[in-house]
Amino acid sequence: MLDRAARALYRRLWPTARNALRTWLVLEARDRMPQPIEQFAERCVLVIAPHSDDDVIGCGGVMARHVAAGAEVHTAVMTDGRWGDGRLYSRELPAAERQRLQDELVATREREACSAAAVLGTRGVHFLGRVDGALRPDRQAVDAVRTLLQHLRPELVYLPFVYDLHEDHWQTNRVFAEAAQALDLSAARRLRVRGYEVWTPLPANRVADIGSVMGLKRAALAEFRSQLGDQDYLRLVEGLNAYRSGGPFGGRGYAEAFHETSLPAYLRLVRAATLRGGSAPAVSAPEVVVEAGR
């Protein structure tokens with residue numbers, strides 16, 4: 001009763017928000033210390049990245065640990081990353097030059113993703129090619145993720161946590177949620193979902209020691225040269241992973257934090273975080289003044 005009253009009050013005071021309070025209220029065991037991930041026994045792991053560096057930022061360490069344990073790790077990159085350069089937002093930039101820079105950037109970011117995958121030892125990178133900044137759970141995006149799930153049959157999926165403030169990260173969750181509902185009962189029962197953090201700290205219930213592979217994570221992230229000019233991701237990630245070593249690891253070394261759920265619990269979380277009133281309409285490619293995609 002109190003939960004429903006709090007949600008109603010929050011919607012009235014802030015009706016345009018993707019409701020952070022709804023998300024918080026639906027979390028299970030949100031007041032417990034994160035439990036260490038000690039077993040990496042999964043044979044197939046799928047990491048979903050809205051942009052081609054998000055996987056390394058959020059879970060590059062555990063990707064390396066899964067590989068070391070013998071898992072087949074795949075990454076699905078949702079968008080083409082065409083807006084991931086600060087120069088593209090200048091109003092003085094001619095349209096033809098903007099298009100040329102974007103075409104070059106798309107190709108560059110694919111090469112960088114493949115180089116980073118080679119560093120971590122992941123099996124494959126799947127480029128789904130949706131337009132950066134315009135990702136929605138349309139038929140093409142959902143079908144592409146559904147096909148990967150049905151082909152790979154992963155036991156574990158990583159993607160940005162539901163309540164990540166970047167719009168493409170939220171839409172990635174909507175796409176995955178739609179695609180996962182088509183899984184057969186056996187695949188759905190065994191699938192676990194781990195949300196990772198990129199732009200927004202998450203309420204962690206699992207944490208993994210990545211001290212032994214932090215060098216690999218740094219090296220993989222360094223491959224994204226096109227992205228390191230606008231943001232010092234190496235410094236930001238090292239600071240976040242140092243902070244996450246608190247608690248079970250005594251503040252020593254480096255760690256990555258996650259919010260882990262079963263698939264049914266994850267789908268409930270997505271529903272709780274969805275705006276009341278249904279899906280947002282599909283949109284065309286962004287104009288110059290848009291939220292920056294990375």
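How many disulfides does a search of the whole structure find? The search comes back with zero. Keep in mind that what you're looking at is a predicted model. The cysteines are still worth a glance. Cys59 has a relative accessible area of 0%, so it falls under the 20% cut-off and counts as buried. Cys44 is buried too, because its relative accessibility is 9%.

Now let's look at the strands. Find β8, which covers residues 255-262. Seven of its eight residues are buried, so this strand is mostly covered. It also has partners. Strand β6 (residues 192-196) runs antiparallel to β8, and five bridges join the two.

Next, head for the nonpolar residues. In soluble globular proteins, nonpolar side chains tend to be buried together. The largest nonpolar core in this model has 36 residues, and the members touching the most others are Leu149, Phe176, Leu263 and Tyr266. Several elements give two or more residues to this core, including strand β3 (72-79), helix α5 (139-152) and helix α6 (167-180). Apart from this core lies another one, made of 31 residues, among them Val45, Ala71, Ala220 and Tyr233.

Let's zoom in on Phe176. Leaving aside neighbours within four places in sequence, Phe176 is in contact with Leu149, Leu263 and Tyr266, and its other contacts include Ile48, Val145, Val157 and Leu191.

Definitions and conventions. Residues are numbered from 1 along each chain as its sequence is written. This is a predicted model: local features need pLDDT of at least 70, side-chain atom pairs count only at pLDDT 80 or more; totals for chains, interfaces and linings use all residues. Side-chain values use heavy atoms; hydrogens and water are left out. Buried means under 20% relative accessible area, exposed over 50%, partly exposed in between (1.4 Å probe, protein chains only). Helices (H or I, at least four residues) and strands (E, at least two) are DSSP runs, numbered from the N terminus. Two strands pair if DSSP finds at least two bridges between them. A nonpolar core is a set of buried Ala, Val, Leu, Ile, Met, Phe, Trp, Tyr and Cys residues joined through side-chain atoms within 4.5 Å. Contact means heavy atoms within 4.5 Å. A disulfide is a pair of cysteine sulfur atoms within 2.5 Å.
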